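Q: Hi! Could you walk me through this one before I set anything up?
A: Happy to, here it is.

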Amino acid sequence: MAIATAHRKSLIAADNHILHRLHSFSGIVPVGIFLVQHLTLNSFALAGAEHFNAVIDFFNKQMPRHILHVLEWGLIFIPILYHALYGLIITAHGQVNVGRYGYWRNWMYLWQRITGMILVVYIAVHVWGTTISHRLFGTNIHYDGMVAYFQNPWVVAFYLLGITSATFHLSNGIWNFCIRWGITIGERAQQACAKVCAVIFVLLTALGWSALFAFR
Ligand code: HEM
């Protein structure tokens, strides 16, 4: 109980700033929701090339350009940029307690920051290799283009790391979010929430990896 309360107090102490609250909220809405949606649509690759290509064509050919751009900038690019930039500031100012306390919560705190930094690199490479290079150079991002892209085992390893970092970061982030916003207050509620978040992590990781292996 004492640990749960101390953890909650330390999270809330960092919370007074409106920008910090906005960072926390943006991790779930819209960035977290987008991640779940993105992994789900990618997993259509499991049903075959036709289904995956239908998703790609819906966004690139059927959806009106101006709506696509408003959704991309408003719900994806600007919120992720904000979350990432403010996340880097939090990371730069944070203290690592692992050596001092060794509690698994401190390890989770550290891994939240490590996966955040991996995601900065991963998201930049991923968006450059798909959306940006498709629009600038006409790179093929249909099913056969993805199959060719994932022939390189280093690319697959990089994606496995990036997807797992994202699913860990979101699952552990939901656990933190619930404490920060007063949803889980006592030790038992936080432990129950940890179990739910562990299940979310396994399910989301399976969803993300399944899409990747559909191209192999
Ligand atoms: C797939 C993209 C991402 C998703 C879905 C995501 C989601 C989340 C969520 C839900 C939280 C918990 C909010 C809270 O503590 O109340 C969080 C926290 C955090 N995120 Fe992200 N995030 C993403 C990318 C990033 C990136 C690129 C960084 C860059 C470093 C980052 C840095 C952080 C940090 C440092 C925290 C902890 C904040 C704290 O403890 O006060 N995140 N994220």
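Q: First off, what kind of model is it?
A: This is a predicted model.

Q: How many helices and strands does the protein have?
A: The protein has 10 helices and zero strands. Along the sequence the pattern reads α-α-α-α-α-α-α-α-α-α.

Q: What share of the 216 residues is buried?
A: Buried residues make up 21% of the 216.

Q: And for contacts with a separation of 6 or more, what share comes from residues 24 or more positions apart?
A: Those account for 78% of such contacts in the protein.

Q: On to the ligand. Which residues come nearest?
A: There are 27 residues around the ligand, and the nearest of them are Ser 24, Gly 27, Gly 87, Gly 116 and Gly 173.

Q: Which helices supply at least two residues each to that shell?
A: Five are listed: H2 (18-28), H3 (31-42), H5 (65-93), H7 (104-137) and H9 (153-180).

Q: Which helix gives the most?
A: H9 does, with eight residues of the shell.

Q: How does the shell split by class?
A: The shell has 14 nonpolar, 11 polar and two charged residues.

Q: Let's look at H2. Which of its residues are buried?
A: In H2 the buried residues are His 23, Ser 24, Ser 26 and Gly 27. Looking down the H2 axis, they fall within an arc of 165°, so they line one face of the helix.

Q: What do the buried residues of H2 pack against?
A: They pack against H3, H5 and H9.

Q: What comes in the loop between H2 and H3?
A: Pro 30 is found in that loop. The peptide bond leading from Val 29 to Pro 30 is cis, with omega near 5°. For context, most peptide bonds are trans.

Q: What does Ala 166 touch, leaving out residues up to four places away in sequence?
A: With those left out, Ala 166 touches Leu 35 and Leu 119.

Q: And Ser 165, is that buried or exposed?
A: Ser 165 is buried, because 20 other C-beta atoms lie within 10 Å and 20 or more is the cut-off for buried. The residue lies in H9.

Q: What does Ser 165 touch, again not counting residues up to four places away?
A: Ser 165 touches Thr 115, Ile 118, Leu 119 and Tyr 122 on that count. Ser 165 and Trp 111 are 54 residues apart in sequence, with their C-alpha atoms 9.0 Å apart in space.

Q: Still on H9, how does its length compare with what 1.5 Å a residue should give?
A: The 28 residues of H9 should span 40 Å, and the end C-alpha atoms are 40 Å apart, which agrees.

Q: What follows H9?
A: Gly 182 follows H9, with a positive phi near 70°. As background, most residues other than glycine have a negative phi.

Q: Two more. Where is Leu 110, and how many other C-beta atoms lie within 10 Å of it?
A: Leu 110 sits in helix H7. There are 14 other C-beta atoms within 10 Å, so Leu 110 is partly exposed.

Technical notes:
Residues numbered from 1 in each chain as written. Predicted model: local features only at pLDDT ≥ 70, side-chain atom pairs only at ≥ 80, totals over all residues. Near = placed C-beta within 6 Å. Helix = DSSP H or I, 4+ residues; strand = E, 2+ residues; numbered from the N terminus. Nonpolar A, V, L, I, M, F, W, Y, C, P; charged D, E, K, R; others polar. Buried ≥ 20, exposed ≤ 12 C-beta atoms within 10 Å, placed from the backbone. Contact = placed C-beta atoms within 7 Å. Arc of directions from axis to C-beta. Expected span 1.5 Å × (residues − 1).
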